[in-house]
Amino acid sequence: MAKMKELTPKLTEMREKYGDDKQRLNQEMMALYKREKVNPAAGCLPILVQIPVFFALYKTLFVSIEMRHAPFYGWIKDLSAPDPTSMFNLFGLIPWDPPQFLMIGAWPLAMGLTMFLQQKLNPQPADPVQAKVFMFLPVMFTFLLGHFAAGLVIYWTWNNLLSIAQQAVIMRRMGIRKALS
């Protein structure tokens, strides 16, 4: 992904040069990827490895009797239940029960924030529409995973934090200074 970020100016130049001819643009982009030994789909490979782990953890938390009411740290009293807090009642400070779709707790918010930060470390997609869709994904996942088991959301948040740290180390080693642009 760091190499893709370095190629962004060349890709932008190609888009300006071959903007009308999509077939020629794709050919030139593939030639550039081959010449620079870059695989644009390489960023998807870690996610493909994580999907079975994510699904197994989901099933474990959902089905396993031993995980029911297993306490965690702080306000999480059951790892198999959703985060009981909600940002719409100031995490329990206001005596109001928001509608179920607004029950977004602290851990789902932390997961969405770390997902956004992780996304900022990767190069922006060349297509502006695709870039906007990618910027919407952390919001969508925050609401989607807000109703999943807290253990799963905690796992995803810590996974994001470790990925951010790993990406920062890699970018520092490659000499890329501006990480969050």
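Me: What pattern does the protein follow, read along the sequence?

Reply: Read along the sequence, the pattern is α-α-α-α-α-α, and the secondary structure comes to six helices and zero strands, where helices (H or I, at least four residues) and strands (E, at least two) are DSSP runs numbered from the N terminus. This is a predicted model, in which local features need pLDDT of at least 70 and side-chain atom pairs count only at pLDDT 80 or more, while totals for chains, interfaces and linings use all residues. Residues are numbered from 1 along each chain as its sequence is written, and side-chain values use heavy atoms, with hydrogens and water left out.

Me: How do H4 and H5 cross?

Reply: The axes of H4 (residues 106-121) and H5 (residues 128-145) come within 9 Å and cross at roughly 160 degrees, the axes being lines fitted to C-alpha atoms, for helices over the stretch in contact, with angles from 0 to 180 degrees between N-to-C directions. That makes H4 roughly antiparallel to H5 (angles under 35 degrees count as roughly parallel, over 145 as roughly antiparallel, 65 to 115 as roughly perpendicular and the rest as oblique).

Me: Which residues in H4 and H5 meet there?

Reply: Among them, Met111, Met115 and Phe116 in H4 and Phe134, Leu137 and Phe141 in H5 take part in the contact, which means heavy atoms within 4.5 Å. The residues of this contact divide into eleven nonpolar, three polar and one charged, with Ala, Val, Leu, Ile, Met, Phe, Trp, Tyr, Cys and Pro counted as nonpolar, Asp, Glu, Lys and Arg as charged, and the others, Gly among them, as polar.

Me: And H6, at what angle does H4 cross that one?

Reply: The axes of H4 and H6 (residues 150-174) cross at roughly 25 degrees and come within 9 Å. That makes H4 roughly parallel to H6. By class, their contact has 14 nonpolar, six polar and no charged residues, and those that meet include Trp107 and Leu117 in H4 and Trp156 and Ile164 in H6.

Me: Changing topic, is Ser64 buried or exposed?

Reply: Ser64 is buried, with a relative accessible area of 15% (buried means under 20%, exposed over 50%, partly exposed in between, with a 1.4 Å probe and protein chains only). Ser64 lies in the loop between H3 (45-63) and H4, and its C-alpha atom is separated by 8.8 Å from that of Ser80, 16 residues apart along the chain.

Me: What share of the whole protein counts as buried?

Reply: Of its 181 residues, 33% count as buried.
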